[in-house]
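Let's take a walk through this structure together, one stop at a time. Have the sequence and the 3D view ready.

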Amino acid sequence: MSRILIFAGTTEGRTLAEMLERSGVACDVSVATEYGTMVLNASAFVKIHQGRLDAEGMKCLYKEIGCDIVIDATHPYAEIVTETIKNSLEGSNITYIRLLRDSNSNNPSNKVSATNIFRYDSTENCAKSLEKTDGNILLTTGSKELSSFCNNESLKHRLIVRVLPGMESLKLCYDANLEGKQIIAMQGPFTKTINKALIEQYDIKHLVTKESGTTGGVDTKIEAAIECGIDVHMIERPDVDQTGFSMNETINKIEKLLEIKINKGIQNIILAGIGCGSEECLTVEVKNAIDKADYIFGAERMLKIVSSNALKYPYYLAKDIIPILEQIKEESVSDSNIVILFSGDPGFYSGAEKMYQALIEKFPSVKILPGISSITLLSAKIGISWQDAKILSLHGIDENIWRPQLIDAVRYNKKIFFICSGVKDIRRVGDILEEKDNVSSHISIYVGYQLSYSNESISTPTIRELQNFTEEGLYVCAIINDSIDNKTLTPNIKDSEFLRSEQPRIPMTKEDIRHLSVCRMNLKAGDVVYDIGSGTGSVAIEIASLSSDIKVYAVECKDEAVSLIKNNVSKFGLNNIEVFQKTAPEGLELLVKADVAFIGGSRGHLRDILQKLYEINPNMRVVMNAVSMESITEMNAALKEYPVTDINISQVAVTNIKELGDYHMMQANNPVFIYSYNFTEGK
């Protein structure tokens, strides 16, 4: 394969070498200084040659490495080097490609007319003009032109020079008799934030730069100067022959010459939490990422608060973002910095996790940066820590889901912090709390509104005052309960607490059997449970009362029983039970897949019910009660038809003690068989 030699005096040269290396294409890179060697990584595919070369030295290098293609990626101002390369190639068969730097940069006059930009056709003319000014000067043109600015002693003492951190650059600074406090030796690229910091720290009044395009950092220099209100002195590109090719055109030529495909830019993707909403809430890390970004994605309200010249897209879903990222990857000729914005902190009720999982499959470099959540900010402002609080989100969640969670949280937790969708949630919280008995006397409420914005406020309303909120905006709340209940962790509802119906008589699983049956279910938070043949709903209510995170479907066919279940659900104030009026197994497939099923009554359809349950979830936990000999026989036969494990069959005979005058009499209930087991898929 042909050998490529790159004369790399610019970022473009280094970028091209990295792309060739990623593509498995060997190349040699010629750099003039030790610093050039420092910023390049030698490898099996990249060999570095250091030292300044004349035409004869270049010819020797061509012969040494046997190159067929020379890429001139030297600085656009280094016209002498370019001319030397061209002379060295005369009479050879080596292909010459001039890689040009993009000269486009933003026009600051379109932004702030008060900022002055002065243009010069030479370094000397720029220095002469600066002699007539006052104030410190930030010189960002490099070390080679120092002599033009140091001839005048008065001008020299006002200079702060930013140069590459190489010995050659530092030597030129000391040869010009600059003091150490005047020298900033740093490697770019430099963000607007860094430029502003240097301008402010050194009290700069004038910034000197070459017209070296976006890659050379001109844009971020000008942006910083605009915001700091200082003058910009720009040395224009020399009026010399700049015939050549862009990076994309250069890559295309190499691909055709070598008949290969070059792996272009790597996308560095950052999922950034932008905090509560104002730009002041951005962390330094996130702000730096935004400053370096080439592309930014996010909801429109988030894009409005970030200051950046990156190309912005008002998208926040993976399905909208990934196609654009793939297009950028295909068209980009260098590494792209991409930032996707998320409100608050990406680790707190955020879409960042799903976005990360969607992106990491297609792109190798995805990173998450945390932000300041509204919960954290409210906690700081009211002086109440959140590490031991119950944290909830009402934002974008159906009230039927968050209502029982909120009630449960307030009842059993001293501290509750939660975020809201808007003012409607605030009013509903007021309605819900007012429905609860004996709550208002022992809770304190804190409402944060538009935190971090200029119109932010924190109030401490009563429950009734919550219902009067009208201002739309961003809300976050804390509730402090000084008199919490101790949550019972086992089934404990007495039979006497349920509403009953004598005519017609609707069956109910008795207290002791119910408690033992529920314990056999091995319930976990987040489980979905079918209570088949629910009767009065006692088992469904017992299950639902254990945790608001459990969802229960009470399946019952009789109208009178359905009405009674609904009345009992209302009496106990539970929102995690849904009554489903069907004769099982009819319609069970329409429900959310269950983790556990309790069969209290089957109406002769036990085998059909079990078959449907196995189809719905072949790893389901099943608990059944049987009283009659026929039911027991049917259950034993059914167990032989399905793969099951963890079988437990108990016959329970409960005798309760009743007071009868001065005596305590034993009152026996019918014995009940309790079956419990797990379906096992594939066994």
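Start with helix α1 (residues 11-22) and helix α11 (residues 247-258), whose axes come within 12 Å and cross at roughly 35 degrees. The crossing of α1 and α11 is right-handed. On the α1 side, the contact is made by Glu12, Thr15, Leu16, Met19 and Leu20, and on the α11 side by Met247, Thr250, Ile251 and Ile254. Sort the residues of this contact by class and you get 6 nonpolar, 2 polar and 1 charged. That spacing along a helix is handy to know about: an α-helix has 3.6 residues a turn, so residues three or four places apart point the same way. Keep in mind, too, that this is a predicted model.

Now hop over to another helix pair. Helix α3 (residues 55-65) packs against helix α4 (residues 79-88) at an angle of about 55 degrees, and their axes are 9 Å apart. Angles between 35 and 65 degrees fall in the oblique range, and α3 and α4 are therefore oblique to each other. The crossing of α3 and α4 is right-handed. Here Ala55, Met58, Lys59 and Tyr62 from α3 meet Thr84, Ile85 and Ser88 from α4. By class, the contact of α3 with α4 has 4 nonpolar, 2 polar and 1 charged residues.

With 13 residues, α18 reaches 19 Å from its first C-alpha to its last, close to the 18 Å expected at 1.5 Å a residue. Which residues of α18 are buried? They are Val423, Asp425, Ile426, Val429, Gly430, Ile432 and Leu433. These buried residues pack against α17 (399-412), β18 (415-419), β19 (443-449), α19 (463-466) and β21 (475-481).

From the end of β19, follow the chain into the loop between β19 and β20 (457-459), where you'll find Ser452. Most residues other than glycine have a negative phi, and most peptide bonds are trans. Ser452, though not a glycine, has a positive phi of about 85 degrees. Its relative accessibility is 18%, so Ser452 counts as buried. Tyr349 isn't a glycine either, and has a positive phi of about 45 degrees; look for Tyr349 in the loop between β15 (336-342) and α15 (352-360).

As for peptide bonds, a cis one joins Ala584 and Pro585, with omega about 10 degrees. Pro585 sits in the loop between β24 (577-581) and β25 (596-599).

Is Asn617 buried or exposed? At 8% relative accessibility, Asn617 counts as buried. Leaving aside residues up to four places away in sequence, Asn617 touches Lys593, Ala594, Asp595 and Phe679.

Methods: Residues numbered from 1 in each chain as written. Predicted model: local features only at pLDDT ≥ 70, side-chain atom pairs only at ≥ 80, totals over all residues. Heavy atoms only, no water. Axes fitted to C-alpha atoms, helices over the stretch in contact; angles between N-to-C directions. Helix = DSSP H or I, 4+ residues; strand = E, 2+ residues; numbered from the N terminus. Parallel < 35°, antiparallel > 145°, perpendicular 65-115°, else oblique. Left-handed = near helix turned anticlockwise from the far one by under 90°. Contact = heavy atoms within 4.5 Å. Nonpolar A, V, L, I, M, F, W, Y, C, P; charged D, E, K, R; others polar. Expected span 1.5 Å × (residues − 1). Buried < 20%, exposed > 50% of the residue type's maximum accessible area, 1.4 Å probe, protein only.
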